Amino acid sequence: MVLDCRHVWDQISNYIDGTVPQEFRDAVEEHLAHCRHCAAVLDSTRNILVLIADERTFEIPIGYSERLHARLQNAIAAGG
Amino acid sequence: MELIARILAGERELFHQLVRPYEKAVYMAAYAILQNEHDAEDAAQEAMLKALKSLPNFRAEAKFSTWLISIAINEARGRLRHARVLKIESLDAPAVDEEGTPVPAVISDWREVPSEALERRELRELLRAAIAGLPEIYRETILLRDVQQFSIAETAAALGVREGVVKTRLLRARLMLQKILAPQLRSKRSGLFGLFRSKAGGSWF
């Protein structure tokens, strides 16, 4: 199976998640080995996903947990 | 499950322990929709209170985390709808096109931006702004799946859509982010991370 770049882009998200069928996966890998543009799209997408998953990227407001549990405690104590 | 049974049997204080592992995810789910820290925190608290009240209705076949997150999503969506009714003009927001694969930024090579670079506020803001700029359905999908690391099945359950829908939205969201961010991260690399490079003594650029 020979894929063009557009077909690879269609599968790139599933490829990252490991949900591409094996036969298709081989064709994607074959394409990536020879297409530096698609390889760069894959590498940059993966890199961006690592960065956004880092806990420093999205911080929770300071004191959020304390305020939340204080409010829950009030409701628990009130039987609500 | 045992914890839930004990809470329902009267040990209500254990509710703190039950929800503690998910409190960040609840906040992030609300934030994905409301895009404002104060509103997200308020919605997260309200969702937790609703979960406490509704715990007797929780069905064991569901996963507690996705049940809790779906309460937060509904709470946030309800607030957003209310805000939109107050601001009538935003009812005319353009429909989101869910067809086709976005064209990514086609670049010839990629040099990895290391996680250590997140020490720079500029990088964190760049990433947050890119996600904030996504249409809501993509923003909430990527925040649950790629930020909170929910599985595809959990993301689908929390959002109340099929797994295939999550996969399609993920593809679009990830390529949209790549298209926005890859050129910016490349062009700002030296300016944004230059200080960090010298500090770390690395040679990634």
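Modeller: B:Q35 lies in the loop between α3 (23-34) and α4 (37-54) of chain B. The model is predicted.

Colleague: Why is B:Q35 called partly exposed?

Modeller: B:Q35 has 16 C-beta neighbours inside 10 Å. Buried needs 20 or more, and exposed needs 12 or fewer. The count of 16 falls in between, so B:Q35 is partly exposed.

Colleague: What makes its phi worth a remark?

Modeller: Most residues other than glycine have a negative phi. Phi of B:Q35 is positive, near 60°, and the residue is not a glycine.

Colleague: Where is B:Q149, and what is its phi?

Modeller: B:Q149 sits in the loop between α7 (136-147) and α8 (152-159) of chain B. Its phi is positive, about 65°, and B:Q149 is not a glycine either.

Colleague: Why does B:Q149 count as exposed?

Modeller: B:Q149 has 11 C-beta neighbours inside 10 Å. Exposed means 12 or fewer, so B:Q149 qualifies.

Colleague: Which residues touch the most other members of the largest nonpolar core?

Modeller: This core has 68 residues, and B:A44 is one of those touching the most other members, as are B:V26, B:A30 and B:A72. Domain 1 (2-92) and domain 2 (115-200) of chain B each give the core at least three residues. Leaving out residues up to four places away in sequence, B:A44 touches A:L68, B:V26, B:Y27, B:A30 and B:A72.

Colleague: How many residues of chains A and B are in contact?

Modeller: On chain A, 34 residues contact 44 residues of chain B. α3(A) gives the most to the chain A side, with 14 residues. That side divides into 17 nonpolar, ten polar and seven charged residues.

Conventions
Residues numbered from 1 in each chain as written. Chains lettered and ligands numbered in written order. Predicted model: local features only at pLDDT ≥ 70, side-chain atom pairs only at ≥ 80, totals over all residues. Core = buried A, V, L, I, M, F, W, Y, C linked by C-beta atoms within 7 Å. Domains from an automatic or database assignment. Contact = placed C-beta atoms within 7 Å. Helix = DSSP H or I, 4+ residues; strand = E, 2+ residues; numbered from the N terminus. Nonpolar A, V, L, I, M, F, W, Y, C, P; charged D, E, K, R; others polar.
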